[in-house]
Amino acid sequence: MSNWIDIAALDDIPKRGARVVKTSHGCVAIFRTIDDKVFAIDDACPHKKGPLSEGIVHGSKVTCPLHNWVIDLESGLAQGADHGGVATYEILVSSGRIMLDTSRLISKLVA
Amino acid sequence: MSQKLVVIGAGMASGRMLEELLELDTNAYDITLFGAEPRGNYNRIMLSPVLAGEQTYEEIITHDADWYRTNGINCRFGETVVKIDRANKQIISAGGITEYDKLVIATGSASFFIPVAGNDLPGVIGFRDFDDVNDMLSAAKKPAGKAVIIGGGLLGLEAAAALHQQGMDVTVLHLMGHLMERQLDPAAGYLLQKELEGRGIEVICQAHTNAIFGNDHVEAVALEDGTIIDADLVVMAAGIRPETRIATDAALHVERGIIVDDEMQTSDANIWALGECVEHDGIVYGLVAPLYDMAKVLARTLVNEPAKFIAPEVSTKLKVTGVDLFSAGEFGDADEREEIVFRDPARGVYKRLILENNKIIGAVIYGDTIDSGWFFEKQKSGEDISDMRETLIYGPAFQGGEDYNPLATVAALSIDAEICGCNGICKGTIVNAISAGAHDLATIKATTKASASCGSCAGLVEQVLAITLGDEFEAPTAQSICGCTELTHEDVRQIIKARSLKSIPSIMQECDWATSCGCATCRPALNYYMIAEWPLEYKDDAQSRFVNERNHANIQKDGTYSVMPRMWGGMTTPDELRAIADAADKYNVPAVHVTGGQRIDLLGIQRQDLPAIWADLNAAGMVSGHAYSKGLRTVKTCVGTDFCRFGTQDSTGLGIKIEKILWGSWTPHKVKLAVSGCPRNCAEATCKDIGIICVDSGYEVSVAGAAGMELIKTEPLAKVSSEQEAIDLTVAFVQLYREHARYLDRPYKWVAKVGMDWVRERVVDDLGVRAALCTRFEVSQSVYRKDPWAELAKPEYESRKWSPLADLTLEAAE
């Protein structure tokens, strides 16, 4: 069961950048690519939990600022020779507003 | 018994002809070679680089004394042939009579001196041979000498560029409405004029020369409209005329040139002619490629092999001026002709294809000639281009929607596509040479002659090497920036300059980046290169910066940051210390560390607290220490004459002055300085990027040290007596480093590549260059010498940048 919450305006996030949504289990990084695609992933690199929201965004990937792991925003998976991945969350963009599906976020707490 | 062959003229055509002849049959003839110039055959085309100082005469000699001796050629250089006695089959020269069985006339052309008063004054010369070049070089030695070039065609512009490079004040006078009107249309001619004027060469078109003035030497040139131009040197580059007097005197058939048939034979059965002095089928040639064709034909004719000269399609490429220019075929307007034009004036690119009946009949390309060979091939083949008409102007890489491959242009050329226009070498010849073992440019030059004349096809030849050898090809160059491109840092820096690229997307577009957005390696590099190249125009792209530089704080392993305010020259005050201590308390800073850079680091600060802590430090008069930047980090000092009993100068004062000038600047990598008050060097200046040791008589400035992963002592740059000079040297060195070094090369790495001599020439020896570097640094600093903390602490950044988008911890309980 989806639980869509209106998070922010698309323009609140810089192109090729990210901002975070605080949750009680950690931050979720909301990314905006150069062509206005929006992705949401855990803001913690599978390597050593570096803040992916601070990485350089290129195409639909981000390079972690701590040790340069490259994470694909769509799948949450580490690229190249690295292994591991982060959770991804559903996003809807409608009329310039970003909607985040928080169902999986909340269910983590309830359990 | 071999026959006697006499050749009149030792130019490029005769030299090539003799080579070809000897290759076919070394014993057919007893050869005597006459030349009016007191020297053997040399590459006349390369006189331009010799004039510009880029090559020496020795380097352009095509046939040396050994070659003549080995081939048994009797050389009579400096001996003018004055008459041909056809009846007795002999020629008469200053040395007497020489008999011939066969005679070849290769007298070339003479410069046309426009018929105005004064055209025979000393100082008025043509641009034809090495003696002319020597005269021009002598004139160029005069400080601030003025040169007037009459004629803005190929030759005149080569002379103009070369003399300008030699330091002369140059003015080009051209009769027609735009430069190089034989090869260029008005639009391309205009771009060329702008380029030359941009370099400081004056160009006057529609200039009708009236007279040349001077008493016993040229002094000025007067135009018909009354303009007077001072001149110490006048170069006649208004055209060449075939040198046919000797043929006319001998009653051979001569029109504009000596008339020859397809076998290069004149109206006399025992006399042949080739080169610029001939006229074939109504055409007289002034470019070298057709002359080499004639040489091949005549050589075969002389050994009774069948051969015919066929008028080739010719194209021109401009060389010494460093301008990328290509022209071929017809480009005049006419009713049944259509054209496709691609124009990007800001980049100085202009491409025009002239079509008739769906075939390319001509092309004029200015500024981006990489595809010129491909267009020329289509022109020569006469193929129908209707299918590709829409994308034609974009070149081979954009036909058929294939993925871009930087070698695609050359790969797409057919086997008989011409690679070397001067020598008529096609791709197939080069490929064969490669298969036969020629694996580098030098060997290909030696075995096929490709790239051996004007040299502008060297890049193409290397591409053919790359395609043919594949993995085995050892590119002589360094690694590319990253996986997004084949280009090196240096390539891209050059392209940014050459094409005035002022945004990251434009670089990726122009250079065909493999990805739409680059990657974490190339984007910061490109961002830096443009900040360095266009300080006033380029807007820094925060999203292409590494986190530390974007947030102006050092990210730590747990996502917190360290904040380090600047301590100028390592000096602080009680108030500053109190402000730092108060901030540490207020923001619950877990760790306070004194750094090697002579300042204090507050570690473990939460991201959202950054603007507040900055505001507090700003309030105490402190600014960012840029402890995270590829920019000026610190200027460490030890106390000098203020207190120290050994201090020779005010090292701390100097250090603070330098820090206040350099702070805020972006550099290829971090820059750390130090100033020590005496040779005891307590500030450890000798392992810094720039280190100054004060001595009694002044300041010893040294550079290119390192004390990180590598430990390297500095190299002396210069010793100066005044504080201001020490500052100027420092600033000039930093700016030179900014403009030339590869991104992420510390100064020591960069200096290892360019050498200290090169650096000293620009920073120490040439005061003009030093001053210019300092000026350019100041221009850049007019934008960047400001506190980023103050900028980022402004309210408009507060909510957008530092706080979370949303806080769901409050909603989770639902």
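Select helix 21 and helix 22 of chain B to begin, where Phe733(B), Leu736(B), Tyr737(B) and His740(B) of the former meet Pro747(B), Trp750(B) and Val751(B) of the latter. By class, this contact of helix 21 with helix 22 of chain B holds six nonpolar residues and one polar residue, with no charged residues. The model on the screen is a predicted one, and the tour should be read with that in mind.

Keeping the selection, extend the view to residues 723-740 for helix 21 of chain B and residues 747-754 for helix 22 of chain B, whose axes come within 11 Å and cross at roughly 75 degrees. Helix 21 and helix 22 of chain B are therefore roughly perpendicular to each other.

Next, select residues 489-498 (helix 14) and residues 522-533 (helix 16) of chain B, which pack at an angle of about 45 degrees with their axes 10 Å apart. That angle makes helix 14 of chain B oblique to helix 16 of chain B, and the crossing of these two helices is right-handed. Showing side chains brings up the contact, to which helix 14 of chain B gives His489(B), Val492(B), Arg493(B), Ile496(B) and Lys497(B), while helix 16 of chain B gives residues including Leu526(B), Tyr529(B), Met530(B) and Glu533(B). By class, eight residues of this contact are nonpolar, one is polar and three are charged.

Finally, turn to chain A and chain B together, whose contact takes 33 residues from chain A and 32 residues from chain B. The two chains bury about 2500 Å² between them, with 59% of it on carbon and sulfur atoms. Three salt bridges are counted between chain A and chain B; to inspect a salt bridge here, select Arg16(A) and Asp541(B), whose side chains meet at 3.1 Å, N to O.

Definitions and conventions:
Residues numbered from 1 in each chain as written. Chains lettered and ligands numbered in written order. Predicted model: local features only at pLDDT ≥ 70, side-chain atom pairs only at ≥ 80, totals over all residues. Heavy atoms only, no water. Axes fitted to C-alpha atoms, helices over the stretch in contact; angles between N-to-C directions. Helix = DSSP H or I, 4+ residues; strand = E, 2+ residues; numbered from the N terminus. Parallel < 35°, antiparallel > 145°, perpendicular 65-115°, else oblique. Left-handed = near helix turned anticlockwise from the far one by under 90°. Contact = heavy atoms within 4.5 Å. Nonpolar A, V, L, I, M, F, W, Y, C, P; charged D, E, K, R; others polar. Buried area = accessible area lost by both parts, 1.4 Å probe. Salt bridge = Lys/Arg side-chain N within 4 Å of Asp/Glu carboxyl O.
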